[in-house]
Amino acid sequence: VVDVPGRSVPDVVLCLGRESQALLEEPHKPYGVRLLRFGGFRCRATLRAAHPSPPSRRTVLVTPEGDASEVAALFRVALACARRLPGYRFILRCHPTFPMARACALVPGLTAQPNVTLSTSGHLDDDLARASMLLHRGSSSMLYAVAQGLRPVYIHVEGMLDADPLFRLSRWRARCSTPEEFAAILRRHEHTTPEQLEAEWKPAADYIATYVQPVEERAIDELVRAVGLQR
């Protein structure tokens, strides 16, 4: 953020891809900041799935950011949804920097709910491969979830700042505030034909491909030159 007086202004900003660079250009332009399209190390050229995840998986992945207030808010909603939707499984995955034991202390009842699973997988891809829907707020996991064919559902929590990175998508993503609204989204998703799912998902996956790209040697060389580290 460069629009607050007194904050230091960077010389170089690294962007995940073309779309994320476009989002950052306008606020940085008055300060002469150089934006480089660097990419993300979590992104791979083989990341994108061939087709959207089938609704028959009936599994929802929940991925909060690594902040206590975000974990508590999102896991509370997920627990309420799990109680409302016993026919669905909910996989709760913490940010790598946030211990699951701490999350369980923040939201009592997680381990007692039979259709809630606490993820123990070391890699996000393992959980993405089991789900067809993602509950999120601001986590970057939604980029990789969409690429893998999951439908992202943004949870609005009253009194908390909204920051949906996918706000430019008009289709495929959804938004809700209550378990009842989420249940309605799931019903629509279940009754969408495979052809319609494909038609909605493909533009979203194309958008993600412009938002984040794999890191290439060219980008590293450009960064080295930009910060004056070359010999």
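This is a predicted model: local features need pLDDT of at least 70, side-chain atom pairs count only at pLDDT 80 or more; totals for chains, interfaces and linings use all residues.
Of the 231 residues of the protein, 46% count as buried.

The fold comprises eight helices and eight strands, and the C-alpha trace spans about 60 × 40 × 30 Å along its principal axes. Because a compact globule with 231 residues would have a radius of gyration near 17 Å, the value of 19 Å found for the protein agrees with that expectation. Among the contacts with a separation of 6 or more, 67% are accounted for by residues 24 or more positions apart.

Helix H1, which covers residues 18-28, contains the buried residues Glu 19, Ser 20, Gln 21 and His 28. The buried residues of H1 pack against strand S1 (12-15) and strand S2 (34-37), as well as against helix H7 (194-211).

Turning to the pockets, the largest has a volume of about 380 Å³ and is lined by 16 residues, of which Glu 65, Gly 138, Ser 139, Ala 163 and Pro 165 lie nearest its centre. By class, this lining consists of nine nonpolar, three polar and four charged residues. The second largest pocket, with a volume of about 330 Å³, is lined by 19 residues, and those nearest its centre are Arg 42, Arg 93, Pro 96, Leu 124 and Ser 141. Helix H4 (124-128) and helix H5 (141-147) are the elements that give two or more residues to the lining of this second largest pocket, which by class has six nonpolar, eight polar and five charged residues.

Terms used:
Residues are numbered from 1 along each chain as its sequence is written. Side-chain values use heavy atoms; hydrogens and water are left out. Buried means under 20% relative accessible area, exposed over 50%, partly exposed in between (1.4 Å probe, protein chains only). Helices (H or I, at least four residues) and strands (E, at least two) are DSSP runs, numbered from the N terminus. Contact means heavy atoms within 4.5 Å. On a 1 Å grid over the protein atoms alone, a cavity is a set of points where a 1.4 Å probe fits but cannot get out, and a pocket is an open set with protein on both sides within 12 Å along at least five of seven lines; lining residues have an atom within 4 Å of a point. Grid points are joined across faces, edges and corners, and a volume is the space filled by probe spheres set on the points. Ala, Val, Leu, Ile, Met, Phe, Trp, Tyr, Cys and Pro count as nonpolar, Asp, Glu, Lys and Arg as charged, and the others, Gly among them, as polar. The radius of gyration is taken over C-alpha atoms; the globule rule is 2.2 Å times the number of residues to the power 0.38.
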